[in-house]
Amino acid sequence: VNAAMRALNSLMVVAITAVLLAALSIQIFKGEEPCPLCYLQRVAFIGVAAGGVLNITCGLRGAHYGLSLLWAVNGAGIALRQIALHVCPQFPTFGVPLWGLGLYTWSFIFHSCLVLYVAFLLFMQEGTPFVVKRSKYTWWDILAIVVISFAVFVNVIVCFAQCGIGPCHE
Amino acid sequence: MAFVFLIFLVVIGLSLARWRVAAIVVALVNLLLALGILWYHWTTTLEIVL
């Protein structure tokens with residue numbers, strides 16, 4: 001059961017990386033410069049993944065799931081704030097919509113799904129103790145850690161190139 | 001804002017070193033930092049809207 005739980009955590013990390021890389025590809029290939037709230041939503045995605053990485057590397061723990069949940073709720077809140085900014089007709093949708101919805105609306109949907117997914121993982125944990133001992137990584141775990149590290153590194157470079165070390169502006 | 005991403009590289013590094021408590025603390029401090037940036041953005045955007 002615990003091996004399956006770790007695999008499910010790796011799946012979450014890989015899925016988050018896919019979302020981050022999709023956002024990066026839209027930024028690079030479509031020339032969409034992200035806004036400060038867009039970057040904050042990316043940060044929140046990485047925060048959720050950080051809980052998953054901790055579960056992979058340090059064993060399954062309640063605190064790691066708690067960390068993921070905090071970041072997922074934070075990310076959903078930021079996305080909701082951006083949706084609220086563009087509700088009024090005089091403020092048009094920011095960026096190119098994807099399948100009829102703004103990227104920040106997709107971000108809200110993904111963050112909400114992550115909240116549900118972490119809740120699902122906690123339900124799955126029921127009846128089995130949280131594992132505290134360290135175990136060997138599978139190739140799937142290594143893949144998850146490598147791809148999320150790559151996605152974070154690329155975001156550091158891209159964000160630094162756009163905003164420098166200070167805050168990003170609209 | 002790049003440093004907020006950079007801090008996550010530190011969190012992943014601490015996780016790989018299996019310093020889990022340090023990783024969690026740094027991730028939580030980063031959460032507060034992100035909320036601070038959100039607050040800064042919230043107030044400046046309000047100025048623009050108003």
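**Buried residues and helices in a predicted model**

In this predicted model, A:Asp141 lies in helix 5 of chain A, which covers residues 139-163.

Me: Why is A:Asp141 called buried?
Reply: A:Asp141 has a relative accessible area of 2%, and the word buried is kept for values under 20%, so A:Asp141 counts as buried.

Me: What makes up the contacts of A:Asp141, once residues up to four places away in sequence are left out?
Reply: With those neighbours set aside, A:Asp141 touches A:Arg6, A:Ser10, A:Ile56 and A:Lys136, where touching requires heavy atoms within 4.5 Å.

Me: Which residues of helix 4 of chain A are buried, and what covers them?
Reply: Among the buried residues of helix 4 are A:Tyr104, A:His111, A:Leu114, A:Val118 and A:Leu121, and the cover over the buried residues of this helix includes helix 1 (2-29), helix 2 (36-58) and helix 3 (62-85) of chain A. Just after helix 4, A:Gly127 takes a positive phi of about 90°.

Me: What makes up the secondary structure of chain B, and how much of the chain is buried?
Reply: Chain B comes to two helices and zero strands, and 40% of its 50 residues count as buried, while carbon and sulfur atoms hold 82% of its accessible surface of about 2700 Å².

Terms used. Residues numbered from 1 in each chain as written. Chains lettered and ligands numbered in written order. Predicted model: local features only at pLDDT ≥ 70, side-chain atom pairs only at ≥ 80, totals over all residues. Heavy atoms only, no water. Buried < 20%, exposed > 50% of the residue type's maximum accessible area, 1.4 Å probe, protein only. Helix = DSSP H or I, 4+ residues; strand = E, 2+ residues; numbered from the N terminus. Areas by Shrake-Rupley, 256 points an atom, 1.4 Å probe, with all protein chains shown as cover.
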